[in-house]
Structures are given as structure tokens and as C-alpha cells.
Amino acid sequence: MRRSRQRGRLADAGSGAGALDRGAAVEGTRSFAIRTYGCQMNVHDSQKLANLLHHAGYAAATSEGEADLLIINTCSIREKAEHHLYSDLGGLKGWRAASPGRVLGVGGCVAQQVGDALLGRFPQLDFVFGTHNIRHVALMAAAAERGERSADTSETTSLDRFDLPARQPQTAESTPGRAFLTVMEGCDMFCSFCIVPRTRGREVSRPAADILGEARALVDRGVREVTLLGQTVNAYGRHDRRRGHSAAAGTLAFAALLAELDAISGLERIRYTSPHPSFFDDALVRAHGELESLCPHVHLPLQSGSNAVLAAMRRRYTREAFLELVEALRSARPDIALTSDLIVGFPGETDDDFQDTLELVERVRFVDHYSFKYSSRPGTAAAELAVTDAVPAEVAQDRLERLQGLQRRLTLAYHRRRVGECSAVLIEGPSRRGGSQLCGRDPYNRVVNLDGAGSPVAPGAIGPVEIVDATPHSLIGEWSSSALAS
């Protein structure tokens, strides 16, 4: 545990960009803005922060330039993200100095990792809070307004961290009709490349009754799709079951939790991310063929197609076991779309190892994937390997480009196979394509762009769309005749 407090005069600060949390501050109230980096868990943490600040009497600023309080919610999964924070803090010196009484805070994984050292390095920073301390932010901000600098990166396994107030009306979902729903936090896997167990802590599962209650409340707010979040989301409740304490802890097997959510009237779609391949049991595989609202899409992180690299990564499965899981999921739901995460240039990765990855990606036919060059993180086992067995940067870059080129071909081929289908699309809002275009997501989690002129479906609702064309990045759709007739 690391906790420190420093008293003193608040120092200078810097120029800001646009706020991610949108809204208008009420005259006379303190206003806030939040910058968010990283995964869906970070995005949802920022939504929780916004809600807590609304409860504390703050209002969302129209921009960072109008905000009294600015929070940066950080990611440390790769070194580049950590350096991005340091650049941001340097640039915010002028933002903080531009208006007396402004407050600057940093949270998230870098905050958990570095702690009060950030206060020593950046005098314009007022407070630092770790991933277990979101509930304390309003109090820390109030203390900063009184001139007190503080850092709290203490860790806890208490379920109190899930005990958050009901969502305020001002705290809208970032995408109409869709919402994130935390079911567990932390990770006990300790993959050799990953810093998450050190920044998010050990696995803690939330009581099922609380999850189901929040899901019902979201449906009452108009949400039609929830994404269940956890660092290893399908490990939900596993420690309680192993110890025979699941009833006392109020948890269920993950497949049973999905079944309870499936029974909620008005909840039309359920997704979950990110699972670990080791925690798929027969019941979870069957659920993809049995539960009507469970979407036919699984994000299934592979990381490498080489058994030697998987062993060095401490992933706890082989390529053969991964392929068995893929086949089981496709047997349960033949149309299931699989996406993945992949790392190239892991220390010691040979040309043959990389070829194993290319071969497995083509064999599985992932619909899409996120791929990255290995990034050494402090305190991980792989960081020591990187000292003696690093893959040259130019080799890693070449491998990344080859892997991403293969995936572009696979994605386009998948999209072209979808042309002529009719799919239910949850409309999110304006498309990046501009004009009157709308975009949404289909059950397979693919982006669908279509003409919004005279749209029969409002953002947040689901409508039938015919897929008429395909690009490497999205599907192109037209409203089906049934949607237009209604």
C-alpha cells in the first residue's frame, strides 16, 4: 500500500484540449472535465468518476478550457501511454495557471503504478488516486481546493469499491442504448508481459444481485445492450466457487450470471470482455448457443500462435487448446465472430514463432484483432527477458505490418461474405463518414454505416438493416423495407 499526503501551496499548471465528458456547467458551480486513455475499463471508470462528481455538486464543463477540475485517467499497458501522460502534464502547466483555483488530478493505472512520485515530478499536479480509490476523488478534489496535495494508491479487496451511487440523469451513457457493467476487477494470472495485476490488483467479484440490479436500472434508462467488464471477465466468481463460498459471497458461475441477465425483459444484447481462454467451461460455451440475448461475438485474446512464446508469456494454454476452444464455440454457435489481441516481437520470438502466429490467425479466420509490438513494462518477468533477448525494433515493426496486412484481408473477406444479409443494428449516432450518415453495431460487433436521412430508428434503438456493401473497416447498409414501412 502506498498512501501519502503533502500540504502546500498549489503550483502552476498548463494548456488543455477538449473534454471527453460533455455537458454545460451550471453558473456558480464547480465544473469538471475528464481525459481518458486505455481500455473499456478505463472508459467506464471515467463514467463512474463523472457520476460521483455530479453527486458531489460538480457539473460537466463544455470544454477543458472552461473546467475548474481536470482529471486524467491513465493507462499503463504500454510504455507509450505512460509517456503520453508525462507529456500531457507538462503541457497543462499553463491550463492550471490560467485561472486561480483550478485543480488537476491523475488517476488510473499509471497513478497506481507511480503513486506520489508524480507529485514530486509535477508541481502543477494536485492529487493522485489509484484504481481502487475512485470513490475518494471528490474529497481529494475538495482538499486540493484548500491547498492540500495528496496521493492515495492504497489497495483493497473490499466490495465497497463497487458500492457507488445511482447514476445521475446528467451521466448519460457514452453511446445511446449501450452501457458498460462491471462484474469483477483485478487479475491473478500474472502473464509475464502484463502489468495489470500490479495496477488493478487481485481478482474481486461483485455480488450477482448488485450486477442484476444495475442491469435492470440501465434497461429502465433505455439501455438495450450491456457489455460486462472485467480484466479476466469469465473468471467471475471462480475463487468463491473453488472455496465453496459462492453462496455466501453472492456470486454465480459466469454462465449462470449470463443466464440471469438473459432473463431481464428489455435487455436485448449481452456482451463481455475480455475473457481468458483458460476460463471457458462447457456451460459458457453452450451459453452461446442457448441464450437469446448473448451476442454471437467473442473477443478471445490469443497473444501468440507459438507454443514456445505462449509458454514464455505464461498464458497457460497451447495453440492446440486454443483451437479446440475455437471449434467448440463454433459448434455451439456456427456464425460466431471471433476477434483477438496479438503481440509481436516478444523477447526471443523467432521467425518460426512468428510464422506460427500468421498460420494460426489464418486458420482461425479472426474477423478482426488488435495487434501491438511488445512493450517492456517495469516489474514484469518479461522485462528481464527483454534485456538479453530483445527482438530488433525493425524486425518487430515488419512483423506487425505483415500481421496487420493479413488481418485486413481476412476482415474484408468476412465483410464481403456478409453482403446480402439483413442484420439488426443498434444505432449509435452520426458516422465518421460525415454527411447524413449514421453508424451502429450489429450483433457481431461490426460497424455498419448507412444513410440517416429520414431514419426510422433513433440513436439507442435497434432496427433491421440490409448489408449492401463492404469495406475493410465497416459494413455498408440500407434500411430494410420492414423498417421503412414502420
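This is a predicted model: local features need pLDDT of at least 70, side-chain atom pairs count only at pLDDT 80 or more; totals for chains, interfaces and linings use all residues.

User: Are C191 and C439 buried or exposed?

Analyst: A residue counts as buried when its relative accessible area is under 20%. C191 is buried because its relative accessibility is 7%, and C439 is buried because its relative accessible area is 12%.

User: Next, what describes two packed helices?

Analyst: The description rests on the angle between the helix axes together with the distance between those axes. Here, the axes of α8 (residues 208-220) and α11 (residues 254-262) come within 10 Å of each other and cross at roughly 30 degrees. Angles under 35 degrees count as roughly parallel, and α8 and α11 are therefore roughly parallel to each other. The crossing in which α8 passes α11 is right-handed.

User: Which residues make the contact of α8 with α11, and how do they divide by class?

Analyst: On the α8 side the contact is made by A208, I211, L212 and A215, and on the α11 side by L257, E260 and L261. Sorted by class, the contact of α8 with α11 has six nonpolar residues, no polar residues and one charged residue.

User: How should I read α14 and α15 in those terms?

Analyst: The axes of α14 (residues 319-332) and α15 (residues 351-364) come within 11 Å and cross at roughly 10 degrees, so that these two helices are also roughly parallel to each other. The contact is formed by R319, F322, L323, V326 and R330 of α14 with D356, E359, L360, R363 and V364 of α15. By class, the contact of α14 with α15 has five nonpolar, no polar and five charged residues.

User: Finally, where does S375 lie, and what does S375 touch?

Analyst: S375 is found in the loop between β16 (368-373) and α16 (381-389). With a relative accessibility of 15%, S375 counts as buried. Leaving aside residues up to four places away in sequence, S375 touches R78 and E79.

Note on methods: Residues are numbered from 1 along each chain as its sequence is written. Side-chain values use heavy atoms; hydrogens and water are left out. Buried means under 20% relative accessible area, exposed over 50%, partly exposed in between (1.4 Å probe, protein chains only). Axes are lines fitted to C-alpha atoms, for helices over the stretch in contact, and angles run from 0 to 180 degrees between N-to-C directions. Helices (H or I, at least four residues) and strands (E, at least two) are DSSP runs, numbered from the N terminus. Angles under 35 degrees count as roughly parallel, over 145 as roughly antiparallel, 65 to 115 as roughly perpendicular and the rest as oblique. A crossing is left-handed if the near helix is turned anticlockwise from the far one by less than a right angle, and right-handed if clockwise. Contact means heavy atoms within 4.5 Å. Ala, Val, Leu, Ile, Met, Phe, Trp, Tyr, Cys and Pro count as nonpolar, Asp, Glu, Lys and Arg as charged, and the others, Gly among them, as polar.
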